[in-house]
Structures are given as C-alpha cells and as structure tokens.
Amino acid sequence: MIGGPGKALLGVDDPEARFTALYDQHYRSVLGYTLLRAERQAAEDIASETFLIAWRQLEELPEPPLPWLLGVARNLLRGQRRSGLRRRALVERLAELSSEGDVTERVAEQVAEREAALAALAGLSELDAEAVILASWYGLAPADAAKLAGCSARAFTVRLYRARRRLSQALDLTPTTTLQEQS
Amino acid sequence: MNDVDERLRTLRPDALTEDAYRRRRDADLARAFATTVSRSGQTSGSVSSDASPRRFRLTPKLALTGALVGLAAAVTVPAVMTGTIGLRGPGGGRTAAITSPDPASGTSQVRPPATPGTPTVTLDARSFLLAGAETVARVTSPEGRYWFERTRTFEPVGSGATVAHTDESWYDGQAGRTVSNQDVKITFATEAAKAEWRAKGAPALWPGPRTEDFSRLTLSWRVGSETLTLDEARDLPGDAGELERWLRSAHQDGPFPAFVFDAARYLLSSPASPATRAAMLRVLAAQPGIVLEKNVLDPLGRTGFAVTTAEGHHTLVVDESGARLLAFAYTGPDESPRTGDRSVHLPFRKGLKIAYEDSGWVGKVGVRR
C-alpha cells in the first residue's frame, strides 16, 4: 500500500508517486487528528486541504512528514474555529467518535475497554488528555508533539508523564502488589 | 506504561478514517495533480506555520447544499439534479458552453455560431432534429428505480479561473444520493491570472468531494407555469402535437421559441420517456430562429451538432443521431441571482458549460450504467 512496487517503478523522483505514498501512509492519521476538533465533513475537508498544501510544498517536506502534516491541519482547524464552528471538549468528541465509528457489532469487552479509557481520560485536563493521545496514536517524538501542542518539549514531557501516571492508576494498570497476611 | 498507550489506541477512530480514506483518495489525488506546481525555486518558509488558515474555507456553497436538501427545493427552470441537487447545474442545464474542454489548452474549437438573431432555420437543422426524433422514438424505455445522472461542469469563478467538477446523482422521486465536486480541476485563462492566484497564496477555489444521502425529498422542476416531479416528467405526452399544446399552456412570458429551447434543455436530459424526448426534438425543430452548426466539439471533446438560440446566448450540443443531449453552453452576459420561497434559480455566468456524461435508470443507488 505504501509506495511499494509502484514507488520503485516510478522512481523516487516522481512527485506524483511520492505524493501518493505520502497520502496513503498518512491520510488516516491526519484525519484522525482533525476528527478530534471538527465535525466529520469538515474534518475530512480539512484533511484533504492539508494534503493539497503538502502537494504544493512537496519539495520542502521534512522527514518524518507526519508532524508537519499535523501542524498544517492544526492551523487549518484554527481558521475553522474562528469561523464559528463549535468546539467541543476532547473527551466528549472521542466518545462520539467511538460510538459512530463501527457499524458492526462490537465485542462487549472492547466496548468496556473503550469506556474505561474514556472515563480515565475525562479525569485529565484537556491539555494532558491531548498529550497522551498525540503520543499514543501517532508515536510523535516529544519535540514534535510539543510543537503541535503549542508548548515547550520539556513542558510536554512533564504533561505526558503526569497524564500517563494518572491514566495508569485510573485504569488500574499499575503493577499490583499482593499482600498476604500471615496467619 | 505501554498498556496505557494500547488502551488509548482503542479510542482511535480507525473505522472512520479508513472509510474516508477509501472514499476520498482518488479525488484528493486527482485534485492535487490537477494543481500545477512549479517545483523549482521553491520559497523557503517555516513548515507548519505557512499553511495559513485563510486557505480553508467552508464555502457557503456547502452550507447551501445542506439547506437545499433539507428544504425540498423546487428547482426553477429546466433543472437537472446535478451534484448539489440543483445547486450547480440546476440550472442543471443552465450552463455549458461550447468552447474548449480546457480553457487553458486552447485546443477546443467549438464556438456558438456568430450570427445571433439570424432568423434561419436551415433545412439541415430541421431534418437533423427530426431524424434525431426518429432515433429517440425507437429506443425502448428501460426500467430501473433510480434516475442516474453524471455531469461535468465547467464554470468560471472570476479572476480568469475556471473550475471543472464532476457531479453524480441518483434519485427515485423521494430519496437518493449526490456525489459532488469530484475530479476538481482548475484552469486559468492566462498565465498572469494564474500567477495572481498564486501570489494570493493559491487559495482553494472550490470545495472538495462530498457525498450526501437524502430521503423524503421531493425535487421538482419548473417549466414555465408547470412544476414537474420525476414521475410527472415520465408521464409527459409522447406526441409532438400534444407536447406543444402542453408547452403553450405552460409558457408564461418571453418569446415562445426561447421557452421551447429552455424546455428542450431540461427534457432532453431528463427522465422523460424516449417518446417525449422525440416529441421535444420535433417541437424544437419547428421553432423559427434556431441556428445549427455541424461538427462542433462539446466540452468533453465529443462531436455533435450545436443548436443555438436566435440571440446566440444558449447552445445545446446534441450527438450526431440527435438522440442524446451532450452539453449545454451559455455565452450571454452574467445573470443575476433570483430566489423564491422554495425555489432556486442559479444564475448562469458567461462561459458556463455543462457536459452530460451519462444518464439513465439504474437499480440501486451507487450503481453506474
């Protein structure tokens, strides 16, 4: 799917092949991000617009390109917010997304897992929640994620650490110590 | 800690993003590739900050589309439910001039006859239309629940730019789907116009692809004083005499030949029966003042006959047999918008062209012929 034989055939210098590979590899990630901040149709339009901008600047894309793409999407989202679209709390939006996502019947266990994760996220501040999501969904390096979140790398690292610790506790994922009473 | 990440990943909307990826990929790639980019002498610039928010606009068009769908719009005038349910083309027919398929390429040749007002119906024109009528009449009416239509519209958007987009629709009289703004391609009349657009930051001139399913919506088309639903269009007379009587009763103002021309633009691309379309061609052939030109190319490069109104502003391109409407073109002055309570009349802009790529009855939404 990504590049693959097509890319080899066309050669790396072919802009259309490179752009197609970029799109195939990252469209879903960019849309996942815009869906957090915009209604579905608008989120899709913004993801498309992001790639159109990437096409115009294909020669200048940094490596890896994902943080750059997410940055463009973030700027487009800001413009959209100014135009008056309602901004919803991150966790509320995630809950909506997870319910509208699958049409197929989901396994009860999965539903329970998602709900537990949502409940745990709801206990975090908006910024902390965003930090763990950026790190978990996209595996962004702290420096890149920080740029996106609009803070310093250090602040981001602190935020991420704090958020993960709280989530671990909330999800009861901390290694349990078993106490045995001796009788 | 990895467990936290795993749990959070269950919240990632993968089903939604996968679905959108499949739906939008082709159009997004095509849209990008249609935008020419100079790959040399790139300007430098900070990466994430130079995507100015200005470049993204939820255009009023999108909003309007939604409003229309919710409204049960009566589309004025020979309308075809193209893409945006009559938004763009509803005039549906209201546009399509015969010129070049690609304004920038300069390869096209079709021009409306430069003799507006010439009161000549050449024998050729009449016999051609009558021959077409014979052909249409021989086509049997196929069955299928949904009326499917695909058009490619070329419309000037100001500042020397022309946007081409493909729109499809399925409609059964109540419910259906529109898929708008596919394969958007922007061309510029001159290099200077293009440079000016670039200098403004290459703003998006047209929204991206959009799919809308709708239900409980009655669309109707106004032909003079008459309003036709999908079913009513199928029940129009199949006899030229009767159809002309119907047209005269519907005719309100302006010269009757111009009204007939408008009606023809709608009926020839509508779900009306083959017999009705044949009758329409016969009535059109009988009108004074129409001008015929052979061997014209429509916006998609298909050869046909151009039938132009006496004043020279509206042209229909019909295929060689006369049986099929290929395109409509408008070359008159820009029209001003008019709206009514529940109707929409989209003004034609000079240079508008609509090519009718395909139409017919299909069994299911999403099925193409």
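Author: Two strands count as paired if DSSP finds at least two bridges between them. The strands themselves, like the helices, are DSSP runs numbered from the N terminus: a strand (E) has at least two residues and a helix (H or I) at least four. Across this pair, V317(B) stands opposite A327(B) in β11(B).

Before going further, a word on the model and its labels. This is a predicted model, in which local features need pLDDT of at least 70 and side-chain atom pairs count only at pLDDT 80 or more, while totals for chains, interfaces and linings use all residues. Residues are numbered from 1 along each chain as its sequence is written, and chains are lettered from A and ligands numbered from 1 in the order in which they are written.

Back to β10(B), which spans residues 314-319 and is mostly covered, with 5 of its 6 residues buried. A residue is buried if 20 or more other C-beta atoms, placed from the backbone, lie within 10 Å of its own; it is exposed with 12 or fewer, and partly exposed in between. Strand β9 (residues 303-308) of chain B also pairs with β10(B), again in the antiparallel sense and over 5 bridges. Here F305(B) stands opposite V318(B) in β10(B). β9(B) and β10(B) form a hairpin with 5 residues between them, and in the turn G312(B) has a positive phi of about 85°.

Now for the whole sheet. It is an open sheet of 9 strands in chain B, in the order β5-β4-β3-β2-β14-β11-β10-β9-β8, with antiparallel pairing. At the edges stand β5 (210-214) and β8 (291-297) of chain B; each has a single partner strand, so one side of each is left without a neighbour in the sheet. Direction ignored, neighbouring strands of this sheet are turned by 20° against each other on average. Elsewhere in the order, strand β2 (residues 146-158) of chain B and strand β14 (residues 353-362) of chain B pair in the antiparallel sense over 9 bridges. In β14(B), G360(B) is the bridge partner of F148(B).

A204(B) is found between α5 (191-199) and β5 of chain B. A204(B) is buried, with 21 other C-beta atoms within 10 Å. From C-alpha to C-alpha, A204(B) lies 9.8 Å from I186(B), and the two are 18 residues apart in sequence.

Chain B has helices to look at too. Helix α8 (residues 256-267) and helix α9 (residues 274-285) of chain B pack at an angle of about 155°, with their axes 10 Å apart. Axes are lines fitted to C-alpha atoms, for helices over the stretch in contact, and angles run from 0 to 180 degrees between N-to-C directions.

Finally, the chain as a whole: chain B has 9 helices and 14 strands, and 47% of its 369 residues count as buried.
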